[in-house]
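Thank you all for making time this morning.

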Amino acid sequence: MNERRRFLRMIAAGPAGALLLPIFSQTGSQTVMADVECCAASALGKLPENVIYTKDRQGRWKGKAGSHLPIIDVQKSGDKVTLQLQTRHGMSESHYIVRHTVVNGEGQVLGAKTFHWKDEPVSSFEIDVPSGGKAKELFVMSYCNLHDLWLVQTKLEV
Ligand SMILES: [Fe+2]
């Protein structure tokens, strides 16, 4: 591996990888892009604590996963799948769930819903059934105005 590639792998493997990806994509080098895309996918697990919270990385909000992680219910109907999301979190003017967002493994936003504090933190999104029997990677997020961003990373298999 040459020095340039080694440098790019090192950068992409860190939290800066996702931020630098658009810059590298403008270089026009297919080889470099392939390297960066490969390593950026693993950057999430290398973020420092207290950036994105998961069941296994609750950081400063330890003990709050149950009331902040979105719960996902999947219903298949024909060539569509309905994702029903719920965050089991109280809703008051000073403390509430702000938003649900669903993003696929390619970075495409499949759906998002913003809540008023008087709403129930429940959302529903219809997406296409994954083709070719392939599982679809999903990033499902719930954002609390006091306890930040919570992520469930899962694979949709129908
Ligand atoms: Fe909260």
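I will go from the metal site to the sheet, and from there to the nonpolar cores.

Please keep in mind throughout that this is a predicted model.

Let me begin with the iron ion, which is coordinated by His 68, His 89 and His 95 through their NE2 atoms, by Cys 144 through SG and by His 147 through ND1, at 2.1 to 2.4 Å. If you follow these donor residues along the sequence, their spacing reads H-x20-H-x5-H-x48-C-x2-H. Is His 89 buried or exposed? Its relative accessible area is 10%, and because buried means under 20%, His 89 counts as buried. His 95, by contrast, has a relative accessibility of 22% and is therefore classed as partly exposed, since that class begins where the buried one, under 20%, ends.

Now to the sheet. It is an open sheet of 4 strands, which run in the order β4-β3-β6-β7 with antiparallel pairing. At its edges are β4, residues 109–114, and β7, residues 148–156, each of which pairs on one side only. On average, neighbouring strands of this sheet are turned by 15° against each other, if direction is ignored.

Taking the pairings in turn, β3 and β4 are joined in the antiparallel sense over 5 bridges, and Arg 99 has Thr 114 in β4 as its bridge partner. These two strands form a hairpin with 4 residues between them, and in the turn Gly 107 has a positive phi of about 85°. On the way across the sheet, β3 also pairs with β6, again antiparallel, over 7 bridges, and here the partner of Val 102 is Val 140 in β6. Finally, β6, which spans residues 136–144, pairs with β7 in the antiparallel sense over 9 bridges, with Met 141 facing Leu 151 of β7 as its bridge partner.

Strand β3, residues 97–104, deserves a moment of its own, as 6 of its 8 residues are buried.

Beyond its neighbours within four places in sequence, Ala 112 is in contact with Arg 99, His 100, Thr 101 and Phe 125. Ala 112 and Ser 142 are 30 residues apart in sequence, and their C-alpha atoms are 9.8 Å apart in space.

The largest nonpolar core has 9 residues in all, namely Val 81, Leu 83, Leu 85, Val 102, Phe 125, Ile 127, Leu 138, Val 140 and Leu 156. Two or more residues each come from β2 (80–86), β5 (122–128) and β6, and the largest share, 3 residues, comes from β2. Apart from this core lies another one, of 5 residues, including Tyr 53, Trp 61, Leu 69 and Trp 150. As a general point, nonpolar side chains in soluble globular proteins tend to be buried together.

Conventions
Residues are numbered from 1 along each chain as its sequence is written. This is a predicted model: local features need pLDDT of at least 70, side-chain atom pairs count only at pLDDT 80 or more; totals for chains, interfaces and linings use all residues. Side-chain values use heavy atoms; hydrogens and water are left out. Two strands pair if DSSP finds at least two bridges between them. Axes are lines fitted to C-alpha atoms, for helices over the stretch in contact, and angles run from 0 to 180 degrees between N-to-C directions. Donors are N, O and S atoms within 2.8 Å of the metal (3.2 Å for Na, K and Ca); water is not among the atoms, so sites may look incomplete. Buried means under 20% relative accessible area, exposed over 50%, partly exposed in between (1.4 Å probe, protein chains only). A nonpolar core is a set of buried Ala, Val, Leu, Ile, Met, Phe, Trp, Tyr and Cys residues joined through side-chain atoms within 4.5 Å. Contact means heavy atoms within 4.5 Å.
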